[in-house]
Amino acid sequence: MAAPKIFQETLKVTAAHIDGLHHVNNVQYLYWVQEIAKAHWREITNNTVMEGVWVVRQHNIVYKKPAYEGDILKISTFVRSLRGPLSERIVHIHNTENNTLLVQCTTQWCYMEAATRKVLPAPALLKELVLPE
């Protein structure tokens, strides 16, 4: 099986990301999951306006270890599957200091026509852009 086509970014945890328990807030991780997916989409489409939009159908997020202010995180993502209007995207968030997996999220996205929100099949070109060969 071929390796997935991975997109990644790094960021530094700031005080704004910290909650009352003095670690990164769970909602912040979900925000990062959505932001890395959007950044990946912009990169693979080269900011081309597409007929449809992706909307979240389901998130499954597992919090394994906390992150703290000052930590440098690597957020990586890839599309594991694409069938009809649905895609399954994986996101991993690691602490770069020790490469510890902090969070993993599997999200099912649904492709829809932008104006009517009618479900559409994902663009055929997308398979070759995001799936392993």
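Student: Which residue in strand 5 is the bridge partner of Q58?

Tutor: Q108 is the bridge partner of Q58. Before we go on, this is a predicted model, where local features need pLDDT of at least 70 and side-chain atom pairs count only at pLDDT 80 or more, while totals for chains, interfaces and linings use all residues. Residues are numbered from 1 along each chain as its sequence is written, and side-chain values use heavy atoms, with hydrogens and water left out.

Student: OK. How many bridges pair strand 2 and strand 5, and in which sense?

Tutor: There are 11 bridges between strand 2 and strand 5 (residues 100-113), and the pairing is antiparallel. Two strands pair if DSSP finds at least two bridges between them. Strands (E, at least two residues) and helices (H or I, at least four) are DSSP runs, numbered from the N terminus.

Student: And what's the strand order in the sheet?

Tutor: The order is 1-3-4-5-2, in an open sheet of 5 strands with antiparallel pairing. Strand 1 (7-12) and strand 2 (52-63) are the edge strands, each pairing on one side only. On average, neighbouring strands of this sheet are turned by 25° against each other, direction ignored.

Student: What does strand 1 pair with?

Tutor: Strand 1 pairs with strand 3, antiparallel, over 6 bridges. F7, for instance, has T77 in strand 3 as its bridge partner. Strand 3 also pairs with strand 4, again in the antiparallel sense, over 10 bridges, and there L73 stands opposite N95.

Student: Which residue takes a positive phi in the hairpin of strand 3 and strand 4?

Tutor: That's G84, with a phi near 60°, in a hairpin that has 2 residues between the strands.

Student: Switching to the helix: which strands does helix 1 lie across?

Tutor: Helix 1 lies across strand 1, strand 2, strand 3 (72-83), strand 4 (86-95) and strand 5. Its angle to strand 2 is about 140°. Contact here means heavy atoms within 4.5 Å. Axes are lines fitted to C-alpha atoms, for helices over the stretch in contact, and angles run from 0 to 180 degrees between N-to-C directions.

Student: How many aromatic pairs are there in the whole structure?

Tutor: The search finds 5. In one of them, Y29 and Y63 have ring centres 5.8 Å apart and planes at 55°, so that pair is tilted. Rings of Phe, Tyr and Trp (its six-membered ring) pair if their centres lie within 6.5 Å; planes under 30 degrees apart count as stacked, over 60 as edge-to-face and the rest as tilted.

Student: Why does that pair tie together parts that are 34 residues apart in sequence?

Tutor: Because Y29 lies in helix 1 and Y63 in strand 2. Y29, W32 and Y63 also form one aromatic cluster.

Student: Is Y29 buried or exposed?

Tutor: Y29 is buried, at 2% relative accessibility, whereas Y63 is partly exposed at 35%. Buried means under 20% relative accessible area, exposed over 50%, partly exposed in between (1.4 Å probe, protein chains only).

Student: Last topic: how many salt bridges?

Tutor: The count comes to 2, taking a side-chain nitrogen of Lys or Arg within 4 Å of a carboxyl oxygen of Asp or Glu. E35 and K38 form one, with N to O at 2.7 Å. These two are 3 residues apart in helix 1 (residues 26-45), so about one helical turn separates them.

Student: And which residue does R80 bridge to?

Tutor: R80 forms its salt bridge with E88, with the closest N and O atoms 2.7 Å apart. R80 is partly exposed at 48%, and E88 is partly exposed at 23%.
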